[in-house]
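My notes follow in the order in which I looked.

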Amino acid sequence: MTSASNAKPVALITGGTTGIGLATAKRLHALGYALVVTGQNPVTLEAARKELPGDVVVLRADLRSLTDADRVAAELKHRFEKLDFAFLNAGIVHFRPIEAVDEESFDAQFDVNVKGQYFTLQKILPLMGRGSSVVFCGSTIAYVGLPNQGPYTGTKGALLAMVRSLAVELAPRGIRVNSMSPGPVDTPALHKIGLPPEGLDALRGEISKIVPMGRFGTDEEIAGAVAFLASRDAGFITGTDLAVDGGMTAA
Ligand SMILES: NC(=O)c1ccc[n+]([C@@H]2O[C@H](COP(=O)([O-])OP(=O)(O)OC[C@H]3O[C@@H](n4cnc5c(N)ncnc54)[C@H](OP(=O)(O)O)[C@@H]3O)[C@@H](O)[C@H]2O)c1
């Protein structure tokens, strides 16, 4: 730990190695944050190490493991002794009709998207003081029903409900807790759902039709919203969900 690094605000991003998390890491770094980002896939971890500025700490930590969450908290304590902002962003989605959902798929989505994020917050909380804040990554899917995403939709609904409880619980400690719900964003997540290229194009077209702005959002637009919620300008905002979705939930 150096006095220079300690003077900077410190942020943690779970799932900061690709997509929305990676774009947010770049944005927060440009704003002067010292950063720790996590992921679990050795390939994307290595790619992120190359793509992010050299002073960003890229850690392998599987959200399904509470031991890994302990290790992330210990690393933050060792390097910075504090944490000003956490973007609890990592998430997985399985596109499957109800008949094709097995217990393993159901549990995996809840373990990463809900349980892992909750316990990560529990472990890092001792490092967070007055004025610090947390943003969970929700989704418009928590408001807008779409087929073949039942368990994933449940995870995001659970997160948004948890935010309200945590915001009230942590407000006396001066810690703000919010969520940010992206609409569709073209990230590597889209390529993990197992559709062939023509299927992906069709899906993009169908989804764009239900977004009033008629397009996908960009990861930079999402990063900007997260940076706002982390900033002092959002100092009186807690317990809320910010939709960044081109009007999808309003429609
Ligand atoms: N893209 C959209 O249209 C959209 C819309 C609404 C909400 N969201 C939400 O936005 C968030 C980010 O998604 P994205 O679109 O940026 O997807 P993405 O590019 O697939 O990024 C997901 C991130 O989560 C990490 N992750 C996954 N499983 C993990 C685990 N077990 N332990 C640790 N890290 C893990 C991934 O790391 P690895 O590469 O190491 O697995 C990656 O860094 C998610 O919560 C997603 O639900 C996305």
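**Basis.** I am working with a predicted model, in which local features need pLDDT of at least 70 and side-chain atom pairs count only at pLDDT 80 or more, while totals for chains, interfaces and linings use all residues. Residues are numbered from 1 along each chain as its sequence is written, and side-chain values use heavy atoms, with hydrogens and water left out.

**Salt bridges.** I took a salt bridge to be a side-chain nitrogen of Lys or Arg within 4 Å of a carboxyl oxygen of Asp or Glu, and I found that the structure holds 13 of them. As background, I noted that side chains of opposite charge can pair when their charged atoms come close.

I looked next at individual pairs, using relative accessible area for exposure, where buried means under 20%, exposed over 50% and partly exposed in between, with a 1.4 Å probe and protein chains only. Asp 62 and Arg 64 join their side chains in a salt bridge at 2.6 Å, N to O, and Arg 64 is partly exposed, with a relative accessible area of 43%.

In helix H4 (residues 66-80) I found Arg 79 and Glu 75, four residues apart, about one turn of the helix, and their side chains form a salt bridge at 2.7 Å, N to O. Arg 79 is partly exposed at a relative accessible area of 34%, and Glu 75 is partly exposed at 22%.

Arg 215 pairs with Glu 221 in a salt bridge whose closest N and O atoms are 2.8 Å apart; Arg 215 is partly exposed with a relative accessible area of 35%, and Glu 221 is partly exposed with a value of 35%. I also recorded a network of salt bridges that links Asp 186, Asp 201 and Arg 204.

**Cavity.** On a 1 Å grid over the protein atoms alone, a cavity is a set of points where a 1.4 Å probe fits but cannot get out, a pocket is an open set with protein on both sides within 12 Å along at least five of seven lines, and lining residues have an atom within 4 Å of a point. Grid points are joined across faces, edges and corners, and a volume is the space filled by probe spheres set on the points.

How many cavities of 30 Å³ or more does the structure hold? I found one, and the largest cavity contains about 60 Å³ of space. Its lining includes Asp 62 and Thr 120, and H4 gives the most to that lining, with three residues. I sorted the lining into four nonpolar, three polar and two charged residues, where Ala, Val, Leu, Ile, Met, Phe, Trp, Tyr, Cys and Pro count as nonpolar, Asp, Glu, Lys and Arg as charged, and the others, Gly among them, as polar.

Thr 120 lies in helix H5 (residues 103-124) and counts as buried at 5% relative accessibility. The side chain of Thr 120 reaches the backbone oxygen of Gly 116 at 2.7 Å.

**Second largest pocket.** I noted a volume of about 310 Å³ for the second largest pocket and a lining of 15 residues, with Tyr 33, Gly 131, Ala 230, Ser 231 and Arg 232 nearest its centre. Strand E5 (128-137) and strand E4 (83-88) each supply at least two lining residues, and E5 has the largest share, five residues. Five nonpolar, six polar and four charged residues make up this lining.

**Ligand.** Of the 32 residues around the ligand, Asn 41, Asn 89, Tyr 152, Thr 187 and Lys 192 come nearest, a residue being near if one of its heavy atoms lies within 4 Å.

**Last look.** Gln 149 sits in the loop between E5 and helix H6 (150-170) and is buried, at a relative accessible area of 7%. Gln 149 and His 94 are 55 residues apart in sequence and 6.8 Å apart in space, C-alpha to C-alpha.

Note on methods:
Polar contact = N/O pair within 3.5 Å; in protein donor to acceptor, adjacent residues only side chain to side chain.
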